[in-house]
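The following exercises ask the reader to examine a protein model step by step. Please study the sequence and the structure before turning to the solutions.

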Amino acid sequence: VSSRGCHKIRSSQIRELLDSKLNVLFDCDGVIWNGETVVAGAPEVVTLLKQQGKKVFFITNNCTRPRASYVTKFIRLGFTDVAEEEIFSSAYCSAAYLRDVAKLQGKVYVIGCQGVVKELRDAGVPIVEEDTDAPTGTIYDYPLDPDVKAVLVGYDEKFDFIKLAKACCYLQNTECLFLATDPDPWHPLRGGRITPGSGSLTAAVETASSRKAMVIGKPSCFMFECIASQFNLDPGQSLMVGDRLETDILFGANCGLDTMLTLTGVSTLEEAQGYKDSDDPERKDFVPDYVVETIADFILAYEE
Ligand code: PLP
Ligand code: CA
């Protein structure tokens, strides 16, 4: 494997690269949209790639929405040709893992939100129902469900001490699986604010339980295996486009895909260059093969 280049590429080189691939995998936030704002030109890029006969997939670590709600979001932002089957979220893949790989015989204790709960229900994976009229006493007032065989941690705006306490009690049983939807530390919001990501909540559960979670989302290869098992993808024919070096680009490297950093999101060219110049061999997997300003540059590539 040649060392990753971090090459800033423009129209003719983008065209050459795309012509050599059958599949294009896009991360969502920071690539396709930023929150509720579409990246200019992204809908045209998706249509163009499909017209060129490419298979296009959307891979997001955001576990807050079920797949159907992503379809609605794509339509709202001006995309006309994105199908539910092309969308792979960390919530959907977590449910697929528990059903198809772990073949869980028991219930899941979920720290998460509606996206995770809906995907688990759709997959037929039983979950512990939240007690709505929970007592406000001590930890002893919260019952534990003896059927719990997995703890799944995702993004949860209602994360609290009792959830943390329950999760670490379940995890005392070494047979109980410990999964995390994604390792993301934080996400950019509007006005320069940030929100803590699932990774920060998982870290709390890891500390309290003295265990390590298995990550389902990027950079874990499970998401690629999930797509590949349904669409029979060859990694060598696939390009991963993302905005975060520590998740998207590492994911591509872990799965044997060519990688492209787009500068419309979290990571910068300087950070990529910093990883490239580092002496630590482990950091080389954070270096993208290619860099573009925005995926809208793909449009020019096909015009010339
Ligand atoms: N998780 C949450 C809760 C988010 O808000 C976001 C981004 O907005 C993500 C994950 C990252 O999503 P993606 O993998 O599409 O960049
Ligand atoms: Ca992203």
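A polar contact is a pair of N or O atoms within 3.5 Å; within protein, one must be able to donate a hydrogen and the other to accept it, and residues adjacent in sequence count only if both atoms are side-chain atoms. This is a predicted model, in which local features need pLDDT of at least 70 and side-chain atom pairs count only at pLDDT 80 or more, while totals for chains, interfaces and linings use all residues. Residues are numbered from 1 along each chain as its sequence is written, and side-chain values use heavy atoms, with hydrogens and water left out.

**Exercise 1.** Identify the polar side-chain atoms that lie close to ligand 1 in His 187, Asn 62 and Lys 218.

*Solution.* Step 1: in His 187, a polar side-chain atom lies 3.2 Å from a nitrogen atom of ligand 1. Step 2: an oxygen atom of ligand 1 is 3.4 Å from a polar side-chain atom of Asn 62. Step 3: the side chain of Lys 218 places an N or O atom 3.0 Å from an oxygen atom of ligand 1.

**Exercise 2.** Describe the peptide bond between Lys 218 and Pro 219.

*Solution.* Step 1: the bond is cis, with omega about 10 degrees. Step 2: Pro 219 belongs to the loop between β12 (214–215) and α8 (222–231); helices (H or I, at least four residues) and strands (E, at least two) are DSSP runs, numbered from the N terminus.

**Exercise 3.** Which protein atoms are donors of the calcium ion (ligand 2)?

*Solution.* Step 1: donors are N, O and S atoms within 2.8 Å of the metal (3.2 Å for Na, K and Ca); water is not among the atoms, so sites may look incomplete. Step 2: the protein donors are Asp 27 (OD), Asp 27 (OD), Asp 29 (O) and Asp 243 (OD), at 2.2 to 3.1 Å from the ion. Step 3: along the chain, their spacing is D-x1-D-x213-D.

**Exercise 4.** Locate Lys 103 and state its phi.

*Solution.* Step 1: Lys 103 is in the loop between α4 (90–101) and β7 (107–111). Step 2: its phi is near 45 degrees, a positive value in a residue other than glycine.

Conventions. Chains lettered and ligands numbered in written order.
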